[in-house]
Every structure is written in C-alpha cells, then in structure tokens.
Amino acid sequence: MTDLRIRVRTARADEAETVLAFWAEAAEGTSITDDADGVGRLIARDPEALILAESGGRLVGSVIAGWDGWRCSLYRLAVLPEFRRRGIGTALLEAAEARFATVGGRRGDAMVLEANERARLAWAAAGYHREDHWRRWVKPFAENSVTG
C-alpha cells in the first residue's frame with residue numbers, strides 16, 4: 001500500500017451534498033435526516049460536530065461528534081471501502097474524543113447498526129463496548145411539525 005496522507009477537519013456549510021454522496025457510498029443504513037437541510041442544520045447548530053477525513057482532496061471518512069452540553073454522541077463513523085483498515089477511522093475517533101475532552105465530556109455513546117458486524121468490531125477495537133440494558137426508542141415527527 002502507498003503512503004496515505006489524510007487531513008482531518010470539520011465540515012463546511014457548503015459541503016452538505018458532498019457529505020450525503022459520501023454516506024451513500026461509505027455508510028451503512030440511512031436516516032430520516034439524510035438530506036441537505038438536515039446536514040446543513042447540523043453544521044449551523046454545531047460547526048465542530050461533523051468531522052471529515054480527506055486524502056488528496058477526496059472525502060474518505062466521517063464521524064459526527066455531537067455534544068449537547070450533557071452527552072457526547074457519535075454517529076456516522078464511515079470510511080470509503082477502499083480506504084478501510086488504514087487508520088482513518090482511528091484518526092476520526094481521536095479527533096472526536098479530543099473534541100469531547102475539550103468540552104468536558106465524560107463518555108462517548110456511539111450509534112451502531114446491530115447487523116453491521118464490521119462496525120461492531122471496529123467500535124470494540126477502539127475501546128467501546130455494547131450496553132445491552134439500553135435500547136434506542138424513536139418517534140419520527142411529521143415533516144412540518146419540526147422547526148429548523
């Protein structure tokens with residue numbers, strides 16, 4: 001393998017469509033907020049939350065490191081298939097954890113698809129563990145009932 005140089009940085013407001021295209025290729029599953037408006041709101045509300053990795057100007061990895069003042073939440077850890085197992089996920093998690101340390105976070109909670117064995121192994125290798133006594137409960141809101 002060739003020497004891989006990556007740059008880790010936060011997303012810009014004009015990158016919503018690029019991030020969505022990346023997730024379509026690299027991420028497992030979809031979310032109700034997978035649209036330009038949702039990504040734009042994330043960046044506008046918390047400009048440090050969406051962390052990207054790029055190599056040679058190409059987006060190759062992402063993680064959302066959300067901080068609400070109480071909890072550190074991790075979402076959308078994704079790396080392009082041809083770039084996996086080259087340290088990009090580790091670099092993204094290190095950036096997310098550094099962000100959480102800066103704001104006083106005490107624990108990272110990761111959203112991991114149950115059926116995604118590769119993701120479960122990656123999170124475990126990074127020191128995270130599954131808590132079986134918790135389950136995610138969701139309720140989608142009608143499109144027009146949520147304000148930006």
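The model is a predicted one.

I'll start with β4, residues 72-79. Six of its eight residues are buried, so by that count the strand is mostly covered. On one side, β4 pairs with β3, residues 58-67, in the antiparallel sense, over six bridges. The hairpin of β3 and β4 has four residues between the strands, and in it Gly69 takes a positive phi near 95°.

β4 also pairs with β5, residues 108-110. This pairing is parallel and runs over three bridges. Here Cys72 stands opposite Gly108 in β5.

Now a residue within the strand. Arg76 is found in β4. Is Arg76 buried or exposed? Its relative accessible area is 15%, and the cut-off for buried is under 20%, so Arg76 counts as buried. What does Arg76 lie over? The answer is the face of Trp23, at 4.8 Å from the ring centre. Leaving aside neighbours within four places in sequence, Arg76 is also in contact with a list of residues including Glu28, Asp34, Ser62, Val63 and Ile64.

Next, the core. The largest nonpolar core has 35 residues. Which of them touch the most other members? They are Phe22, Trp23, Val39, Leu50, Val63, Leu74 and Ile88. At least two residues of this core come from each of α1 (16-26), α2 (36-45), β2 (50-55), β3, β4, α3 and α4 (117-125). As background, nonpolar side chains in soluble globular proteins tend to be buried together.

Take Phe22 from that group. Not counting residues up to four places away in sequence, Phe22 touches Ala27, Leu59, Val60, Gly61, Ser62, Ala78, Val79 and Leu80.

Last, the aromatic rings. How many aromatic pairs does a search of the whole structure find? It finds one. The pair is Trp123 with Tyr128, at 4.9 Å centre to centre and with 85° between the planes. Edge-to-face requires planes over 60 degrees apart, so this pair is edge-to-face. Trp123 is buried, at 7% relative accessible area, and Tyr128, at 17%, counts as buried too.

That is the end of the walk-through.

Key
Residues numbered from 1 in each chain as written. Predicted model: local features only at pLDDT ≥ 70, side-chain atom pairs only at ≥ 80, totals over all residues. Heavy atoms only, no water. Phe/Tyr/Trp six-rings, centres within 6.5 Å; stacked < 30°, edge-to-face > 60°. Buried < 20%, exposed > 50% of the residue type's maximum accessible area, 1.4 Å probe, protein only. Lys NZ or Arg CZ within 6 Å of the ring centre and 35° of its normal. Pairing = 2+ DSSP bridges. Contact = heavy atoms within 4.5 Å. Core = buried A, V, L, I, M, F, W, Y, C linked by side-chain atoms within 4.5 Å.
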